[in-house]
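Grab a pencil and work through these exercises one at a time. Try each task yourself before you read the solution.

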Number of protein chains: 2
Amino acid sequence: MTAGPALPTDAEILAELAEYVAIPSISRSASVDTMREAASWLAAQLRFAGGRVEETDGFPVVRGEWLGADGAPTVLVYGHYDVQPTGDLAEWTTPPFETVVDGDVVRGRGVTDDKGPVLLVLKLAQALVAQRGGLPLNVKFLFEGEEEIGSPHLPAYVRAHADELAADLVISADGAMWRPTEPSLSIASKGLVALDVVVTGARGDLHSGRYGGTVANPVTALAGVVASLHRPDGSVAVPGFYDGVEALTAGRRATIAAVEFDEEQYRATVGAPALFGEAGFSTLERLWERPTLEVNGITAGGKYTVIPHVATAHVSCRLVGRQDPERVVQAITAHVAALDVPGVEVRVRADEGRVPAYRIEPDHPAIQAATAALEEVYPGQEVLLAVIAGTLPATTLFEEALGAKTLFFSFATADEQHHAPNEFMRVARLREGMHAWQVLWDRLAAWIPASAGAAR
Amino acid sequence: MTAGPALPTDAEILAELAEYVAIPSISRSASVDTMREAASWLAAQLRFAGGRVEETDGFPVVRGEWLGADGAPTVLVYGHYDVQPTGDLAEWTTPPFETVVDGDVVRGRGVTDDKGPVLLVLKLAQALVAQRGGLPLNVKFLFEGEEEIGSPHLPAYVRAHADELAADLVISADGAMWRPTEPSLSIASKGLVALDVVVTGARGDLHSGRYGGTVANPVTALAGVVASLHRPDGSVAVPGFYDGVEALTAGRRATIAAVEFDEEQYRATVGAPALFGEAGFSTLERLWERPTLEVNGITAGGKYTVIPHVATAHVSCRLVGRQDPERVVQAITAHVAALDVPGVEVRVRADEGRVPAYRIEPDHPAIQAATAALEEVYPGQEVLLAVIAGTLPATTLFEEALGAKTLFFSFATADEQHHAPNEFMRVARLREGMHAWQVLWDRLAAWIPASAGAAR
């Protein structure tokens with residue numbers, strides 16, 4: 001193993017991250033121009049690898065490749081340049097699209113999901129190319145702009161360009177270490193389906209006095225529907241929802257029980273009055289091994305005296321094991337259809353994205369190499385094999401279209417307010433991440449995959 | 001009875017109504033300047049009566065008085081210049097603050113609640129003063145700017161100015177005829193209390209994957225709370241809610257049953273899939289005689305994958321009979337407090353306004369005079385004595401502070417999208433209203449109230 005290259009300073013990286021975060025690439029609402037601006041910014045960082053913006057049927061992808069390592073394996077680095085909506089601006093302590101360094105962290109929408117974790121890989125690669133004339137293995141880059149909306153156009157793009165994107169392994173710069181207290185790798189991520197439950201009553205909003213009491217209120221009806229989705233013990237009450245979820249083995253329960261996990265500290269971190277979840281499982285079992293159905297919001301009327309004519313619950317489910325996303329949508333639809341809700345119409349409107357759960361085996365060479373890399377960057381600390389309770393839609397796609405497993409190797413941490421106001425990233429992770437990616441690539445360069453060389 | 005004065009044309013009144021509606025006097029959100037602009041516009045219409053804007057602890061009131069009818073009774077004309085929020089602008093077919101005449105109706109926010117019904121009184125009074133040199137009785141005017149937010153500052157103002165405002169009768173230009181098919185007078189209106197049910201969980205919104213399943217979801221919890229407020233049969237499940245509601249007498253039931261009322265037509269008008277309401281009562285009984293608890297909206301998260309940290313239901317109750325508004329708030333608060341909702345905090349935050357139900361007896365001289373006025377304007381049609389299922393917060397105040405009953409004499413109609421998008425008013429009601437107010441004032445001029453002359 002060679003000594004690492006000279007890396008840019010924190011200040012240099014943070015200045016570039018500030019430029020990148022300043023482009024409000026919210027895939028749910030941004031204009032094509034804004035998304036293209038973010039893509040172009042990223043492509044410029046990939047100049048050393050022929051960086052370019054390529055069209056898809058949705059927002060563009062950013063591509064690049066450095067293929068000068070004859071005989072070495074090829075990896076495909078994946079990430080995304082889009083970000084989540086800000087949510088309530090009043091809850092942000094600093095402007096979401098201006099990075100602010102605050103002690104050990106940098107704040108801003110997208111700093112940790114996924115702009116910072118992607119940028120650090122590019123800064124490392126630039127340093128390696130500048131100082132050593134190349135990378136230790138062949139690296140392709142693919143960054144998309146629709147991850148936060150379920151990657152609706154990525155599958156068609158990857159399938160159409162499968163030959164160009166072929167790799168022995170995908171390394172995702174998206175994801176997150178589980179917590180800040182020890183290095184960790186993720187061996188699984190949860191699937192995702194999302195849908196709206198829409199209740200409609202009258203033709204328009206009605207004065208709550210002049211019509212009150214004579215028609216069913218869609219908000220009240222929706223509340224009944226939403227309340228029916230769970231049992232009081234926290235389990236999901238939708239028949240068939242748990243189909244495909246494997247029972248927890250005694251071994252897995254023991255492994256999870258052995259993980260140092262302070263429930264009270266976790267509770268204090270999230271700031272909830274108490275923890276709560278599906279009966280019969282520990283908090284960590286719920287987080288890693290159990291599927292969830294969460295109502296992300298309700299849109300209905302407001303604080304004015306009407307009976308709203310429409311009320312909508314926004315629902316998403318995180319899936320595990322062999323749960324079939326399509327069957328989960330069907331199960332919820334059937335459950336809602338079977339309810340007796342007088343005086344209104346109730347329908348389920350499923351989103352397009354369907355992502356099954358994903359898994360990589362702990363003895364996969366990529367996990368071995370990544371473990372070694374983390375052990376070098378975090379000496380003396382044991383590397384924990386964890387689960388990403390979030391969803392990385394691209395993983396299943398890469399397995400199907402490219403025949404490649406995905407290693408999650410992000411230097412985000414799961415507590416960094418992903419998707420929420422005041423998103424942040426620990427500044428030290430930028431340097432640690434560059435170091436770790438360098439060791440990972442060095443290790444993987446010596447790997448002889450089954451399909452040796454074929455992926456070039 | 002003398003012949004009526006020459007009145008302004010529809011086109012002339014509509015032109016002035018357009019100016020008035022163009023001032024977006026939404027008391028829930030408008031600036032003081034906007035509200036003052038609306039008040040000043042109205043005061044200018046009252047020049048014949050010394051019209052002026054007077055300060056309160058909230059938005060100003062508009063005052064004026066014409067007191068030249070020696071020996072005749074004194075009436076206080078009440079109305080309001082504030083309007084409801086627009087709601088979803090996408091649901092408006094024309095811009096809310098530009099009046100548009102569409103066939104027999106004029107559309108715009110506030111045209112019927114309450115700008116049109118107030119303006120027609122002022123146009124009549126101006127015509128009488130210009131053509132006859134005066135009014136048939138003494139008239140004081142009081143228009144407030146906070147009716148749509150529960151009149152929080154009107155009570156203090158009226159009590160402080162009770163001597164100046166003293167009258168034998170209050171005539172409200174706010175309210176509405178029950179339906180367009182026959183003339184009607186209202187002998188009661190419902191009370192109102194409003195409150196928010198607020199459920200809070202974690203300190204901030206949480207990623208629905210990285211934290212999903214480990215904490216209670218405030219939206220799900222709120223849905224359970226909202227669902228608990230009603231029984232499946234449509235009745236309110238809050239213990240004590242119905243305290244003070246008188247049982248319907250057989251006589252009252254018979255009277256209501258005798259009212260021509262086509263349930264299917266009503267259903268078709270509101271455009272609901274079916275009618276629904278409290279078991280054991282007809283639609284008209286529910287509307288006129290029964291209190292309601294309606295959820296006007298829910299504010300919680302949105303369509304992005306978080307567990308929102310707060311979810312709020314906006315609730316309002318319409319009250320009847322001797323229901324005590326304060327006790328209704330207490331009953332709901334106690335009901336919510338008694339629920340077992342793990343993992344979150346639930347609290348009830350009551351709005352300031354508290355309006356009990358109101359009633360005027362059918363044999364009151366004002367009802368008799370108003371009936372005669374409507375019979376003259378709508379010859380051959382029977383005048384129906386109905387209930388305003390809406391709320392007119394000023395009525396109880398006038399009874400307490402001025403010792404005067406309130407006659408509702410509005411030429412709005414209840415189906416005119418009050419509080420909803422596409423609010424409208426029937427243009428013919430402008431002319432009919434001016435005619436009716438003229439006859440009403442003529443009739444009341446001959447009334448010798450118990451306190452004859454004292455109110456001058």
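**Exercise 1.** How many bridges join β11(A) to strand β11 of chain B, and do the strands run parallel or antiparallel?

*Solution.* Keep in mind that this is a predicted model. Step one: find residues 292-301 of chain B, which form its strand β11. Step two: count the links to β11(A), and you get five bridges. For a landmark, look at Thr299(A), which stands opposite Thr299(B) in β11(B).

**Exercise 2.** Describe the side of chain A that touches chain B.

*Solution.* Start with the head count: 75 residues from chain A and 75 residues from chain B take part in the contact. Next, ask which elements of chain A are involved. Those that supply at least two residues each include α6 (218-227), α9 (283-289) and β13 (310-319). The largest share belongs to β11(A), with nine residues. Last, sort this side of chain A by class: 30 residues are nonpolar, 32 are polar and 13 are charged.

**Exercise 3.** Why does the radius of gyration of chain A agree with that of a compact globule?

*Solution.* Chain A has 456 residues, and for that number a compact globule would have a radius of gyration near 23 Å. The value for chain A is 23 Å, so the two agree. The C-alpha trace spans about 75 × 50 × 45 Å along its principal axes, and 56% of the residues count as buried. Chain A also has 13 helices and 18 strands for you to pick out.

**Exercise 4.** Why does Leu384(B) count as partly exposed?

*Solution.* Begin by locating Leu384(B) in strand β16 (residues 384-388) of chain B. Then count C-beta neighbours inside 10 Å: Leu384(B) has 18, so it counts as partly exposed. A buried residue would need 20 or more. Finally, list its contacts, leaving aside neighbours within four places in sequence: Trp178(B), Glu182(B), Ser184(B) and Val259(B).

Notes
Residues are numbered from 1 along each chain as its sequence is written. Chains are lettered from A and ligands numbered from 1 in the order in which they are written. This is a predicted model: local features need pLDDT of at least 70, side-chain atom pairs count only at pLDDT 80 or more; totals for chains, interfaces and linings use all residues. Helices (H or I, at least four residues) and strands (E, at least two) are DSSP runs, numbered from the N terminus. The radius of gyration is taken over C-alpha atoms; the globule rule is 2.2 Å times the number of residues to the power 0.38. A residue is buried if 20 or more other C-beta atoms lie within 10 Å of its own, exposed if 12 or fewer, and partly exposed in between; C-beta atoms are placed from the backbone. Two residues are in contact if their C-beta atoms, placed from the backbone, lie within 7 Å. Ala, Val, Leu, Ile, Met, Phe, Trp, Tyr, Cys and Pro count as nonpolar, Asp, Glu, Lys and Arg as charged, and the others, Gly among them, as polar. Two strands pair if DSSP finds at least two bridges between them.
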